Amino acid sequence: MILRRLLLLVVCISTLGGLSAQDLHYSLFNLAPLKLNPANTGAFYGTVRAGGIFRDQWYSVLDDEYRTPTFSLDAPVIRGFRDSDWVGAGVLFVNDKVGSANFRTSGVLMSASYHFALDKKANQTLTLGLQGGSMSRQLDLQTLIAGDFAQATLDGNANSQTTDPLLSGGGGMTGGGNDPNMGDLNTSYLDINAGLLYKAKDPKAGTLLELGIALGHLTQGNDSFRGGGTGGINNPPGGGNNNNDDSQRPMSFLAHGRYVYPVNETWSAEPSFLFQTTRGGLNNIILQGVAGYQFNDQIKLKGGLGYRVGDAGQILLGAVIDETLEVGLSYDINLSQLSNVSNYQGGFEIGATYIIKIYKQPQIPPSILCPRL
């Protein structure tokens with residue numbers, strides 16, 4: 001068991017340098033609307049929408065696994081230039097923790113959107129969204145184990161020294177962060193995302209179509225610990241920036257879609273997809289098929305399967321209550337090259353969105369009674 005965890009740790013650490021080219025991802029991506037696409041901001045019928053999702057990956061293999069919670073609030077706030085248009089606003093909180101080294105990516109992003117109604121009843125809308133804010137990264141050097149030191153330990157060389165400049169500063173420190181003068185590395189950068197969303201619903205047929213695209217990291221902020229933020233190596237507080245392209249957050253492109261089709265009064269089919277690619281990184285492709293069962297007038301149960309291409313199969317469960325509360329559960333079955341180490345056990349997710357509807361009290365004019373009647 002110890003050897004298996006150490007092997008997996010080596011694999012995880014060896015990919016640490018490529019984490020800047022990857023984006024956070026969820027299996028329940030439709031339950032993270034503002035993380036999926038800024039154009040989802042305010043794209044609902046109601047007063048305020050609150051949503052949260054939590055992903056826990058490799059919990060059965062590592063003591064300090066990957067944990068990724070996200071929380072969002074959004075609302076349609078004012079009417080647009082036309083009576084059928086409206087403006088949405090929201091905020092997204094992101095926090096991703098990776099492994100025992102506490103490699104953390106977190107931030108707060110504000111988002112705004114404009115919804116263009118394509119017909120009088122706004123059954124078809126085209127939405128433009130924009131999102132921006134500060135993202136930060138943190139790494140705890142005192143708990144970090146260098147990849148070359150871990151490999152030397154597997155080879156039986158207990159007195160090995162790492163040559164990783166992030167840990168040793170060129171001095172060949174033994175193992176990892178056992179220097180009391182070493183603390184956390186921190187860096188921050190400006191992050192801006194944009195998105196476009198087409199939404200069409202047919203109230204009579206009960207169908208719903210959503211198609212969207214999003215562009216991420218338009219500013220390509222410097223997220224390297226070697227520069228771009230305070231506290232990084234070769235960049236003490238007040239120091240300069242490293243303009244190397246390898247230190248820039250690469251732009252990403254995302255396309256997603258969902259279609260809800262009632263088969264009959266009881267059953268519905270809900271296929272969805274996600275395609276995400278990052279310059280210099282890997283593609284993330286998810287295909288999902290979900291069936292809905294109308295349990296009663298207020299509760300709709302959901303269940304289905306999904307597949308993240310080349311990585312994992314997905315078991316999907318959920319429910320919609322009174323068209324205001326939606327909850328979901330998912331479990332990823334690891335099918336990648338790490339399946340022999342993980343025993344096919346992957347990530348677990350739980351998510352929910354809740355729409356608050358506040359209706360204005362109608363103003364009823366006072367009635368005047370005529371005594372002659």
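Modeller: First, what I call a cavity: on a 1 Å grid over the protein atoms alone, it is a set of points where a 1.4 Å probe fits but cannot get out. Bear in mind that this is a predicted model.

Biologist: Fine. How many cavities of 30 Å³ or more does that rule give?

Modeller: The count is three. The second largest cavity holds about 50 Å³ of space. Ten residues line that cavity, and the closest to its centre are Gln57, Asp311, Ala312, Asn334 and Gly346.

Biologist: Which strands supply at least two residues each to that lining?

Modeller: Strands β1, β13 (325–334) and β14 (345–356) each do.

Biologist: And the chain overall, how many helices and strands?

Modeller: Five helices and 14 strands. The chain has 373 residues, and 45% of them count as buried. Its accessible surface is about 19,600 Å², with 60% of that belonging to carbon and sulfur atoms. Among contacts with a separation of 6 or more, 58% are between residues 24 or more positions apart.

Biologist: Back to β1. Arg49 is in there; is Arg49 buried or exposed?

Modeller: Arg49, in strand β1 (residues 48–57), is buried because its relative accessible area is 11%, and the cut-off for buried is under 20%.

Biologist: What does the side chain of Arg49 make a polar contact with?

Modeller: The side chain of Asp74, at 2.8 Å. The Arg49 side chain also reaches the backbone oxygen of Asn40, at 2.9 Å. Not counting residues up to four places away in sequence, Arg49 touches several others, including Pro33, Leu34, Phe44, Tyr354 and Ile355.

Biologist: What about Phe71?

Modeller: Phe71 lies in strand β2 (residues 66–79). Its relative accessibility is 38%, so Phe71 counts as partly exposed. Leaving aside neighbours within four places in sequence, Phe71 is in contact with Gly51, Gly52, Val91, Leu92 and Phe93.

Biologist: Change of topic: β9. Which residues are on its covered face?

Modeller: In a regular strand the side chains alternate between the two faces of the sheet. In β9 (residues 267–278), the covered face has Ser268, Glu270, Ser272, Leu274, Gln276 and Thr278. The uncovered face has Trp267, Ala269, Pro271, Phe273, Phe275 and Thr277.

Biologist: How many bridges join β8 to β9?

Modeller: Nine, and strand β8 (residues 252–262) runs antiparallel to β9. A hairpin through four residues links β8 to β9, and Pro262 stands opposite Ser268 in β9.

Biologist: And what is the bridge partner of Leu274 in β10?

Modeller: Ile286. Strand β10 (residues 284–294) and β9 pair in the antiparallel sense, over ten bridges.

Biologist: Is Glu323 buried or exposed?

Modeller: Glu323 counts as exposed because its relative accessibility is 67%. Glu323 sits in the loop between β12 (312–321) and β13.

Note on methods:
Residues are numbered from 1 along each chain as its sequence is written. This is a predicted model: local features need pLDDT of at least 70, side-chain atom pairs count only at pLDDT 80 or more; totals for chains, interfaces and linings use all residues. Side-chain values use heavy atoms; hydrogens and water are left out. Buried means under 20% relative accessible area, exposed over 50%, partly exposed in between (1.4 Å probe, protein chains only). Two strands pair if DSSP finds at least two bridges between them. A polar contact is a pair of N or O atoms within 3.5 Å; within protein, one must be able to donate a hydrogen and the other to accept it, and residues adjacent in sequence count only if both atoms are side-chain atoms. Contact means heavy atoms within 4.5 Å. Accessible areas come from the Shrake-Rupley method with a 1.4 Å probe; for residues, only the protein chains shown count as cover. On a 1 Å grid over the protein atoms alone, a cavity is a set of points where a 1.4 Å probe fits but cannot get out, and a pocket is an open set with protein on both sides within 12 Å along at least five of seven lines; lining residues have an atom within 4 Å of a point. Grid points are joined across faces, edges and corners, and a volume is the space filled by probe spheres set on the points.
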